[in-house]
Amino acid sequence: MEQEGRPEPDALLAEAAKEGRGRLKIFLGAAPGVGKTYAMLEAAQRRRADGLDVVVGVVETHGRAETERLVAGLEVLPRAQIPYGGRLLAEMDLDGIITRRPRLVLVDELAHTNVPGSRHAKRWQDVEELLAAGIDVYSTLNIQHLESLNDVVARIARVKVRETIPDKVLELADDIELIDLPPDELIERLREGKVYIQDQIARAIQNFFSKGNLTALRELAMRVAADRVDAQMAAHMKSHAIPGPWPAQDRVLVCVNEAPVSKALVRAAKRMAERSRTDWIAATVSTPQSEHLPDAAKDSIAETLRLAEALGADISTINAESHIADEILAFARSRNVSRIVIGRPRPRRFTAWLFRETVAEEIIRKAEDFQVTIISAEPSEARKAIITAPHPAPEKDVRAYMWGAVAVAASVGVAYLVDHIVPVESLALFFLVGVLTIAARFGLWPSIFTSVLSFLAYNFFLTEPYHTFEVAHEGVVLTLFLFLLVAIVTGNLAARLRDQAQAQRAIAKRTANLFDFSRKVASVASLDDVVWAAVTHVASTMQCSSMILMPDAAGRLAIVGGMPPEDQLEPRDRGAAEWAWDKREPAGWSSQTLPSATWLFLPMKSADRIHGLLGVQFGTRHYITTEERRLLDSLVDQVGLAIERTKLASDMEQTRLLAETESLRAALLSSVSHDLRTPLVSIIGAATSLVDADEALGASGRRSMAETIRDEGNRLNRYVQNLLDMTRLGYGALKVVREPVDLREVVGRALRRLDRDLAAHRIVRDLPASLPEVSGDAVLLEQVVTNILDNAAKYAPPGSRVTLSAEANGDRVALAITDEGPGIGENDRAHVFDMFFRVRAGDGQPGGTGLGLAIAKGIVDAHGGSIRAEAAQKDGSGTRIVMTLPAVAPSGAPA
């Protein structure tokens, strides 16, 4: 329950959605000539006098002098010239208005149909784009152009209005001004020639402009205006937390099928829902026989559902195998429906009564807890709606009937043999088996053919007198006809079971396709793989051509994948794609925007952004069924989620790389600012002392300062060399010059380089003279040993031992360097070879860049060896670094 005194969230969201949009005011009239355009121009002149920027997008004066005078003083934008039928036709210049960006634009005749080739099929769609651009719009509309009242006006005025607008357009209006004129005054204006030219006046008064018609239309206009004002008042009360009575949460359900009355049902349901302030649902029933409907019937159902969706209905499909009425009532109860709208039962030929139940009558009989409204079709439409056959047309495959004849022949042969070997009374069962087999394999009509043929064969071959169609006993006649009836009914049931099984297989196939696609896109990692999986799956599942468009580096839509491969779009298809991308709404074939395009483009959206467009093309088809559209929407959602997942994975990888780069940068700055600066400070200090010192420093003092400069210079050189080596390793520029290397010489040179650093330690060498040579680069391996010994000199306490040992193990040589320092924790041993990693050792931690062991690992890996760190003692103290290198075979080649 909503808390009292608090605005409703939906109402607040509706108000927030209007922010940044233009305001729409509609001047509504009951008929042409009441003065809608005149009133609109008067209001525009008043706004212009107040200093508002007002322009005329399109105004039709129809040659009326008083209307043309009101246009004077207003800026009239030139119209666009659109080629059609070999000539140029003028239409409102939508792009010119958006470029000009006035505060208010006048757009006459809201229900007008644009010239083919325009961006939108209807002018009200142009107005929607202007509102989205933040431009206020004044427009005019006659009540007979409202879609939900189309059939009502046709009954009143006996004129079918072709140009209509969805009711949702009227709901978008922020203001509605009813332009009312009594019928007598309107007829007088008509006679004075202020509405139509003289040649049309008499005919108009006799037909559309009769007083009765005008009175009825006037009442409709007043009702619509009153309903809209009431809706605005209710919205205001909800958004401002004004208490008041609220309508019950009822719903209207309208059942539609291929009958011509379905559109009238939809319009009637819309009016009921509007007056009752309730939601409404348009539902169609899908049965096994629905797959066999002709294309015209499927097209009619799809068109009716599109009309319902345009009028604001919630579209649903009810799956039913046989008991259609029960499924409809169960669906109505599950959706809290209070009123069901159905068409009057259609006329039926005699044969139809044998196969199809009267769904409408069964709903009326069983719907005890619902209000049922029955809408009648026009007499001409009712005659077209006769139900002739509930099942698909007769099977045209001759082989099916040939197999039926074969089944009958086999039944005759088996029955004949059984009758002569073991006489039985139920020979007809052999024929029933044949009928069931044909029904399960080929369907209804071949089974009926087999039933009749079995009836004749049974009579001819197995009843006395044999080999004639005469019947010797009267009781056999009844048996034969009962057999024929049972065969037909049994075949019908088997055929229905076959149709249901085929329908279930189709549903299972679609479900499996969705699951298969989900599995495919879940396993791929790159965007290209997702695109390829999407276009191939959509094309195979929907039996259509498919493509995916995404913005390139310049922001222009480009085809990134197609099945079959496609790299070009026609201009009209390109326009539909750009519209769908800009507005995040479907556009193109079978949609409300640019329907002349051959492709339908659907945005692939996530919660906060659009990733691209999925385009489908169905060749020469003129419709897309509700089930296909829902399946397509599901696929679009899955593709969008898959693309978003790959983008998120890419973003996470980039974030990880940036974090690692930032960490390396921080470590490098720390190294440069501290570890490289320390030897520089020592060098500068010693050099300054040498320069500024007097004779008192003495020869020994000068020597000590020079040695400090040398040692710190060597230390600095090692740091810089480590940085350079790490850079070379990172870029793959480290070149290993392989040659036989004696590890004992490498160790000796490394010890000499670090003689001063290791002076306070006891060096123990356990390098056997028989140690085989290794294959490698002597300079690089010396750098490895130097880095490891440098670490030992830093962390092992003075006076402790540093042991170097080596042993051969097959075609490998292992060199181990062990110290008696504090050791490396078990959790840190896996990371000591990472760049800039240093074991935490408190404030007394020795200086260093954290690159020595990382460089050692890189060099050893480049040699095809391995390196590891382990504890020297069981208690975890001491560190033992072991590197293993390939030995040189006796021939000199690497082992």
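Keep in mind that the model is predicted.

Let me start with Thr140. Thr140 sits in strand E7, which covers residues 136–142. Is Thr140 buried or exposed? The relative accessibility is 3%, so Thr140 counts as buried. The cut-off for buried is under 20%. Now look at what the side chain does. The side chain of Thr140 reaches the backbone nitrogen of Glu109, at 2.9 Å. Glu109 is also on the contact list of Thr140. That list leaves out residues up to four places away in sequence. It includes Val107, Asp108 and Leu110. It also includes Phe27, Lys36, Thr37 and Met40.

Next, Ala587. Please move to strand E16, residues 587–588, where Ala587 is found. Relative accessibility here is 0%, so Ala587 counts as buried. Which residues does Ala587 touch, leaving out those up to four places away in sequence? They are Ala576, Trp579, Ala580, Thr593, Trp599, Leu600 and Phe601. Gly575 is 12 residues from Ala587 along the chain, and their C-alpha atoms are separated by 9.2 Å.

Glu185 belongs to helix H8, residues 183–191. At 44% relative accessibility, Glu185 counts as partly exposed. Where does Val34 come in? In sequence, Glu185 and Val34 are 151 residues apart. In space, their C-alpha atoms are 9.0 Å apart.

Now the salt bridges. How many does the structure hold? The count is 25.

Pair one is Lys366 with Asp326. Their side chains meet in a salt bridge, 2.8 Å from N to O. Lys366 lies in helix H15, residues 359–366, and Asp326 in helix H13, residues 324–334, so the pair ties together parts that are 40 residues apart in sequence. How accessible are the partners? Lys366 counts as partly exposed at 26% relative accessibility. Asp326 also counts as partly exposed, at 31%.

Pair two is Glu782 with Arg749. These side chains form a salt bridge at 3.1 Å, N to O. Again, distant parts of the chain are linked. Glu782 is in helix H27, residues 778–795. Arg749 is in helix H26, residues 743–753. Which of them is buried, and which is partly exposed? Glu782 is buried, with a relative accessible area of 11%. Arg749 is partly exposed, with 27%.

Lys857 and Asp861 both belong to helix H28, residues 852–862. Their side chains meet in a salt bridge at 2.8 Å, N to O. Why about one helical turn between Lys857 and Asp861? Because they are four residues apart in helix H28. Lys857 is partly exposed, with a relative accessible area of 30%. Asp861 counts as partly exposed too, at 38% relative accessibility.

Last, the network. Which residues are joined by salt bridges that share partners? Arg23, Asp174 and Asp175 make up one network.

To recap. Thr140 and Ala587 count as buried. Glu185 counts as partly exposed. And Lys366 with Asp326 ties together helices H15 and H13. That's it from me.

Conventions:
Residues are numbered from 1 along each chain as its sequence is written. This is a predicted model: local features need pLDDT of at least 70, side-chain atom pairs count only at pLDDT 80 or more; totals for chains, interfaces and linings use all residues. Side-chain values use heavy atoms; hydrogens and water are left out. Helices (H or I, at least four residues) and strands (E, at least two) are DSSP runs, numbered from the N terminus. Buried means under 20% relative accessible area, exposed over 50%, partly exposed in between (1.4 Å probe, protein chains only). A polar contact is a pair of N or O atoms within 3.5 Å; within protein, one must be able to donate a hydrogen and the other to accept it, and residues adjacent in sequence count only if both atoms are side-chain atoms. Contact means heavy atoms within 4.5 Å. A salt bridge is a side-chain nitrogen of Lys or Arg within 4 Å of a carboxyl oxygen of Asp or Glu.
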